[in-house]
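Colleague: Please show me the model, and then we can go through how its parts meet.

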Amino acid sequence: MNSNLFIVIAASAIYYGTPLLFSALGGVLTERSGVLNLGVEGMMLLGAVCASWTASRVDGPGWLVLSLALLAGIAAGSAAALLHAFAVITLRVNQTVSGLAITILAGSAGLSSYLASVWDLKNPVKHQFGKLDVFGLGDMPILGPILFHHTLLTYLSWALVVLISWYLFRTRAGLQLRAVGESPQTADAVGINVVRTRYVHTILGGALAGVGGVCFSLSIVPTWQDGMTAGRGWIAIALVIFGFWRPDLAMVGAYVFGAFSSLSLTLQARGVKITPQLLDSLPYVMTIAVLVVVSGGWAKRRLGAPAALGIPYEREER
Amino acid sequence: MIRLERRASFPKWLGWVIPIASIAAALVAGALLILVSGNDPLTTYSRILDRAFASGEALSATLIAATPLLFTGLAAAAAFKMGVFNIGGQGQFVIGTVTAAWTGLMWGDSLGKAVIPLMILAGVLGGALWAAIAGVLRAWLNTNEIITTLMLNYIAANLASWLIFNSRSYWRLLSGSGLQFPQGRRLPEGSDWPDLSLGSLVLPCGLLIGTAVAVGCWALYRHTRFGFEVAIISDSPEAAAYAGMRTKRKVLAVIALSGGLAGLGGAADVGNFRHVLDPKGLNQSGYGYAGIVIAALARLNPIAVVFVAVLMGGLSNAGRSLQGPDFPAGLVGTLQGMVLFFALGGEVLARYRIRRTVRIPEGVAV
């Protein structure tokens with residue numbers, strides 16, 4: 001492979017991997033608290049549509065509009081996550097079904113599409129996250145395009161990987177969070193508020209899924225398309241498992257899948273004649289393959305899935 | 001604060017009240033949404049009702065729209081009954097249309113109507129085999145079936161698009177207008193499924209088959225050893241394994257059954273209505289996802305699936321014919337999502353009583 005192609009693929013792996021990374025980081029936080037969120041796809045689309053609306057309708061300087069759009073995406077994802085949290089934590093609805101319901105409600109044929117047509121989002125957004133030239137290093141050979149020529153969102157996601165790793169493994173609150181995910185009974189007995197911990201981290205997860213959606217509508221696909229995330233929310237859920245519920249490994253996984261997602265466009269742009277549908281299917285095939293690998297007996301022992309994942313906590317029914 | 005208290009028994013009337021109440025609640029929530037977006041909810045709803053059920057013609061169109069939903073609803077119900085979350089109804093449906101269309105194209109001319117059973121068989125097999133991929137992985141390797149079935153949806157969608165848009169496949173029209181606009185080859189007239197006309201009302205053959213299949217599913221789950229074992233496995237896999245039931249095979253069988261039902265829907269779709277392999281239309285249809293809503297609303301009862309599918313078919317038929325500036329795309333999906341959510345909330349009310357918790361002042365002996 002010539003080095004030029006390698007650089008393009010590496011750079012676009014990071015570009016297309018960024019939304020996956022945000023959503024997977026959110027998934028790590030949520031699942032560490034013992035809540036399974038299958039609504040990621042819907043939350044991403046909802047975040048995407050709200051950010052898209054903000055970026056096309058609000059007037060003002062670019063940085064202000066983009067900040068507001070990012071906030072709108074966060075708010076939309078959080079709101080959907082609050083609904084999920086209320087359903088599964090307070091009402092103890094089956095977590096699988098509630099997450100699915102969120103994705104059907106908000107997803108490609110649901111609320112996100114409805115809002116997009118009501119808000120008339122036919123044109124490209126006026127402002128989008130452009131690629132930066134960090135420290136003027138964007139022109140550096142090889143590393144420049146790979147590391148120093150990305151959108152602000154990518155750098156934000158790197159900061160979050162560090163922050164969340166530190167939070168999970170180096171702080172008291174992170175320890176409490178992991179305790180709630182492993183054994184809510186024990187956590188409750190030592191005075192940790194299980195319900196609050198779960199609510200907070202489910203909502204944080206939704207917020208990050210919203211940001212993942214913003215990556216799509218304000219950077220990757222700046223003109224609205226129904227279902228623009230094309231199943232990336234589901235891949236993010238698989239990445240949480242693939243990343244052993246750790247932010248750093250989720251990042252590796254996100255970029256591997258980012259590379260597969262971008263392969264179709266990259267190769268087509270260079271005139272390589274490969275069936276686009278075959279390349280488009282790659283991320284999905286790889287997701288299945290990776291899940292098969294990590295669900296084997298070997299991986300199960302050292303995976304470290306939160307023990308209470310998916311189980312509602314009922315104090316009276318211990 | 002509110003507190004949930006487990007009910008000792010499940011009152012029978014709740015089985016009826018929950019779905020009806022959740023539809024009503026969803027309609028109210030949907031009305032708010034329509035109101036906020038600047039339209040009149042009452043007008044919108046009366047137009048939906050008018051287009052879906054008001055005349056024989058409208059009702060016939062509704063029954064056509066209900067047919068694929070009936071099959072995907074049965075598919076979801078059959079799997080969810082055992083706690084196996086087959087979200088891949090959409091992909092299995094698409095594969096069913098691919099295999100059934102192939103059969104129709106191959107033998108439609110020579111066999112005439114006798115090709116119909118073959119198309120059914122092909123659709124069932126296609127859907128069942130596609131689902132079996134996820135089934136084998138789930139049963140023997142313990143791979144999460146939710147994600148695999150979902151990924152298989154996207155792969156099936158890509159496969160169908162490839163057959164029509166990027167290959168010179170057997171399904172594609174390679175002459176006339178097909179040279180300019182990629183499209184599927186029309187199946188021979190001989191393979192068109194018949195309709196049953198009752199005055200102005202037209203009952204598609206697929207719907208009748210689906211209804212019969214629903215009754216069959218109900219009997220299978222209610223009155224056979226298979227159904228009994230499924231019920232035990234769904235309640236407690238450990239107990240089932242201890243009693244000597246082969247849970248792995250049962251998981252595979254249930255996923256394959258579910259996929260076969262979705263694939264049969266695909267066969268009905270291609271034989272009864274589309275008569276071509278139409279990947280674009282299929283991929284936008286959302287049949288598989290609507291099936292999940294239908295199964296949940298029918299509380300996984302196959303007979304109830306028939307009625308709920310007609311209801312949802314009415315909604316999507318009206319949605320399609322009304323689509324325009326004041327009836328945006330996505331409204332139908334949003335309403336369906338809301339119905340599902342309220343149905344879930346209703347299930348909670350069925351299992352628990354809601355009590356207000358009263359804080360007992362400290363120091364008071366209770």
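Colleague: How many residues of chain A are in contact with chain B?

Modeller: This is a predicted model, in which local features need pLDDT of at least 70, side-chain atom pairs count only at pLDDT 80 or more, and totals for chains, interfaces and linings use all residues. Residues are numbered from 1 along each chain as its sequence is written, chains are lettered from A in the order in which they are written, and side-chain values use heavy atoms, without hydrogens and water. Contact means heavy atoms within 4.5 Å. Chain B gives 43 residues, and the number from chain A is 48.

Colleague: What area is buried between chain A and chain B?

Modeller: Buried area is the accessible area (1.4 Å probe) that two parts lose on being put together, summed over both. Carbon and sulfur atoms give 74% of the total, which is about 3800 Å².

Colleague: Which residues in chain A lose the most area to chain B?

Modeller: Together they make up 18% of what that side buries. They are A:Ile104, A:Tyr114 and A:Gln277.

Colleague: How many salt bridges does the rule find across the interface of chain A and chain B?

Modeller: The rule asks for a side-chain nitrogen of Lys or Arg within 4 Å of a carboxyl oxygen of Asp or Glu. Across this interface, the count is 0.

Colleague: Is H3(B) roughly parallel or antiparallel to H10(B)?

Modeller: Helices are DSSP runs (H or I, at least four residues), numbered from the N terminus. The axes of H3 (residues 56-80) and H10 (residues 247-274) of chain B come within 7 Å and cross at roughly 175°. Angles over 145 degrees count as roughly antiparallel, so H3(B) and H10(B) are roughly antiparallel.

Technical notes. Axes fitted to C-alpha atoms, helices over the stretch in contact; angles between N-to-C directions. Helix = DSSP H or I, 4+ residues; strand = E, 2+ residues; numbered from the N terminus. Parallel < 35°, antiparallel > 145°, perpendicular 65-115°, else oblique.
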